[in-house]
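Take a look at the model below. This report walks through a sheet and a domain contact.

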Amino acid sequence: MMTRKFIQLDTIDSTNVYLSEHASMFQEDMVVVVANYQTSGKGQGQHSWESESGKNLLFSILIHPHHVPIHRQFLLSMAGALSIKRVLDEYVDDISLKWPNDIYWRDSKLCGTLIENTLDSQGIKNSIFGIGLNVNQARFLSDAPNPISLFQILKHEVNREKLLERLIDSFARQLDLLSVDPQKYVVKPYHESLYRKGEAHLYQDSNGIFMAILERVNEQGQLLLRDEQGHLRTYSFKEVAFIHTKKKNY
């Protein structure tokens, strides 16, 4: 069983930054840092995370996944996203995983994640998995295009402490399954839960807007789209954008 340490903070710039700066201090297998409010919550790239103080779940998890090869490190993102989905499935239907790092309810963003891996000569030394889950926030004031919270879906508040406990337990279980059989317990269910998989939608890359079917995500974490001409296009993070509009069949 993994040894765990929990750290509760009121306000901090970023739980990911906190763990990154203090990683060498901890001996436990898993360290969880939770904050009521983050002044500089981190998202993918330069994005920040909007969250009303005391309403949502903002936390980061430090682990040491030495058994995961560097070239397959996106498995950690898959496993982490699946662990969140399995818990949210107990609250609402229609949860999916949007590449590369979001959890969606229908076409709205319910949760964002950010994984930061530290590598050394032996492989993956540390992984910090940051999670921002919209729980009890009633209104979103930023210009984010499609946020939603559990409160807005369910029309009632959710106990954040119990939800957090379920999420941490689910994360630990998913890590165990990752070490048993990655293909069976991570890759396959991840693709079964992938947002827009097998559907034709509009996307945009550096050359413009195009229609394509989302086929899969490869071991390197790249998105594979098949366009109307039958060509398979491969994209890394930030190289392609999802366009939210009605799907078209072809």
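How many bridges join E9 to strand E10, and do they run parallel or antiparallel? There are 5 bridges between E9 and strand E10 (residues 223-227), and the two run antiparallel. Keep in mind that this is a predicted model.

**The sheet**

E9 and E10 belong to an open sheet of 5 strands. The order is E11-E10-E9-E8-E12, with antiparallel pairing. Strands of a sheet pair through backbone hydrogen bonds.

Now look at the edges. Strand E11 (232-235) and strand E12 (241-242) stand there. Each has a single partner strand, so one side of each is left without a neighbour in the sheet.

E9 also pairs with E8. Strand E8 (residues 200-205) and strand E9 (residues 208-217) run antiparallel and are joined by 6 bridges. Some residue partners can be named. Met211 in E9 is the bridge partner of Leu202. Ile213 in E9 is the bridge partner of Ala200. On the E10 side, Arg216 stands opposite Leu224.

The table sets them out.

| Hairpin | Residues between the strands | Bridges |
|---|---|---|
| E8 and E9 | 2 residues | 6 bridges |
| E9 and E10 | 5 residues | 5 bridges |

The turn between E9 and E10 holds Gly221, which has a positive phi of about 85 degrees.

**The two domains**

Where does the domain assignment put domain 1 and domain 2? Domain 1 covers 4-193, and domain 2 covers 199-242. Their C-alpha centres lie 25 Å apart. The contact draws 11 residues from domain 1 and 14 residues from domain 2.

How much area do domain 1 and domain 2 bury between them? The value is about 1000 Å², with 68% of it on carbon and sulfur atoms.

In a salt bridge, the side chains of Arg72 and Glu219 meet at 3.4 Å, N to O.

Which elements give two or more residues to the side of domain 1 that touches domain 2? They are helix H2 (74-88) and helix H5 (182-192). By class, this side of domain 1 has 5 nonpolar, 4 polar and 2 charged residues.

Methods. Residues are numbered from 1 along each chain as its sequence is written. This is a predicted model: local features need pLDDT of at least 70, side-chain atom pairs count only at pLDDT 80 or more; totals for chains, interfaces and linings use all residues. Side-chain values use heavy atoms; hydrogens and water are left out. Domain bounds come from an automatic or database domain assignment. Contact means heavy atoms within 4.5 Å. Buried area is the accessible area (1.4 Å probe) that two parts lose on being put together, summed over both. A salt bridge is a side-chain nitrogen of Lys or Arg within 4 Å of a carboxyl oxygen of Asp or Glu. Helices (H or I, at least four residues) and strands (E, at least two) are DSSP runs, numbered from the N terminus. Ala, Val, Leu, Ile, Met, Phe, Trp, Tyr, Cys and Pro count as nonpolar, Asp, Glu, Lys and Arg as charged, and the others, Gly among them, as polar. Two strands pair if DSSP finds at least two bridges between them.
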